Amino acid sequence: MAGACRNPAVALAEEDKEAEAMTLHQNLIAGEWVGEDGVANVNPSNTNDVVGDYARASAEDAKAAIAAAKAAFPTWSRSGILERHAILKKTADEILARKDELGRLLSREEGKTLAEGIGETVRAGQIFEFFAGETLRLAGEVVPSVRPGIGVEITREPVGVVGIITPWNFPIAIPAWKVAPALCYGNTVVFKPAELVPGCSWAIVDILHRAGLPKGVLNLVMGKGSVVGQAMLDSPDVQAITFTGSTATGKRVAVASVEHNRKYQLEMGGKNPFVVLDDADLSVAVEAAVNSAFFSTGQRCTASSRIIVTEGIHDRFVAAMGERIKGLVVDDALKAGTHIGPVVDQSQLNQDTDYIAIGKKEGAKLAFGGELVSRDTPGFYLQPALFTEATNDMRISREEIFGPVAAVIRVRDYDEALAVANDTPFGLSSGIATTSLKHATHFKRNAEAGMVMVNLPTAGVDFHVPFGGRKASSYGPREQGKYAAEFYTNVKTAYTLA
């Protein structure tokens, strides 16, 4: 009887949700949707909620996708710029028009809050829009030779078949900033998203497919990295691979790519510092630190889990940070008022709690949070954890945790803060809170990172400027913006006798 009394609109929405979950979302190979073996995509905010069923590709599927991309390359690489522009622009328009729907899908499968999910979706649309414009801005150079009577032309040409491997923490933005430039510059693509979050990637591929991409230009192969990813690494027909993920896997990509003499681009780990100086605006410093460490559940390669604070402001900062943490709401990602959603899955939750135990054992003080919490629905919920009395040689200060766990390191002054900030094998993002122009300017010049933030969170970047780091964080040309051309094209120099 209770079911008969449900609101008809609610009942219909639930039926649509159940039907979506039962539909097998297939792989796209050579322009055809294929696949029978499906895996459930589970909502980390509510493990009883199945987001959808997604096909799992085999090694043979991956080989077929590579062959299709190779066959499609000669025609697509010489396609007109208006054709590419129209497809990418149509894709951007649909993503932006469906931002609420796709943002909700993202939050259901990955655990970001709904506001973050919608924001990331908008960013993906903007990325496609940017590269739609880039197709109309393709250019080269004509320069004089040092030899009389000879002309020199410098042009860029597509690389070939590009393998794209993306992580689970940004399930729509990172695929967008790899797929869009690959297609913009005339490459064909074999795309393997993270097995944990295939929904947004499938949606992007579906949109591009319907926007008019020719068969074989974009191929989607969802599945295990050890199967699908390995087949991509082993293939001599993949001319370039762009990878975002763990440092260990990145090294495997590099070794395999060197063997095949292919281009490769790696975005890997981070252990990003956020420095707070005595002269900082306390409220600005706290908000930037909280955002850096805990938003998106700390599951960002640009997140700051090392907060380096000079002794004059240390105690006031820690107290204010603790009060701010107490006010953060950890709950279902789709609930209004939620600041921090769940950790992505049980394995990541175990890693986070293991590091909390390691921090305690090493002698750091767990000043706030760090407890598992229960909510109305079964999920992977963890209160943000803040350690104090940490040192930079502790494991919690050296190793990437990838969760809502941060440690405060007390230092004497700016010079020590800079030295500690740079004392890491990583170099992706680095931040500072200060009102001193002198210190801000010096830090921007001397921070050993690919990106530097002043009075801003270490996470949060624009879509039209380069993204990437140095040291163990990144390898190869930068991603995003016009700098993407460095990876997705080859430079050709042609000489002509007049």
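**A buried loop residue and its surroundings**

Modeller: Gln299 has 1% relative accessibility and therefore counts as buried (under 20% relative accessible area, with exposed meaning over 50% and partly exposed in between, for a 1.4 Å probe and protein chains only). This is a predicted model, in which local features need pLDDT of at least 70, side-chain atom pairs count only at pLDDT 80 or more, and totals for chains, interfaces and linings use all residues. Residues are numbered from 1 along each chain as its sequence is written, and side-chain values use heavy atoms, with hydrogens and water left out.

Biologist: Where does Gln299 lie?

Modeller: Gln299 sits in the loop between helix 10 (282-294) and strand 14 (304-310). Helices (H or I, at least four residues) and strands (E, at least two) are DSSP runs, numbered from the N terminus.

Biologist: And what does Gln299 touch?

Modeller: Not counting residues up to four places away in sequence, Gln299 touches Glu110, Trp168, Asn169, Phe170, Pro342, Val343, Val344, Gln348 and Phe402. Contact means heavy atoms within 4.5 Å.

Biologist: Thr302 next: buried or exposed?

Modeller: Thr302 counts as buried, because its relative accessibility is 6%. Thr302 is also found in the loop between helix 10 and strand 14. Leaving aside neighbours within four places in sequence, its contacts include Asn272, Leu428, Met451 and Phe467.

Biologist: What span should helix 6 have?

Modeller: Helix 6 (residues 173-184) should span 16 Å at 1.5 Å a residue, and its end C-alpha atoms are 16 Å apart, which agrees. The expected span is 1.5 Å times one less than the number of residues. Gly186, with a positive phi near 95°, follows helix 6.

Biologist: How do helix 8 and helix 9 cross?

Modeller: The axes of helix 8 (residues 225-234) and helix 9 (residues 247-260) cross at roughly 30° and come within 9 Å. Axes are lines fitted to C-alpha atoms, for helices over the stretch in contact, with angles from 0 to 180 degrees between N-to-C directions. The two helices are therefore roughly parallel to each other (angles under 35 degrees; over 145 is roughly antiparallel, 65 to 115 roughly perpendicular and the rest oblique).

Biologist: Which residues make the contact?

Modeller: Helix 8 contributes Gln230, Leu233 and Asp234, and helix 9 contributes Arg252, Val253, Ala256 and His260.
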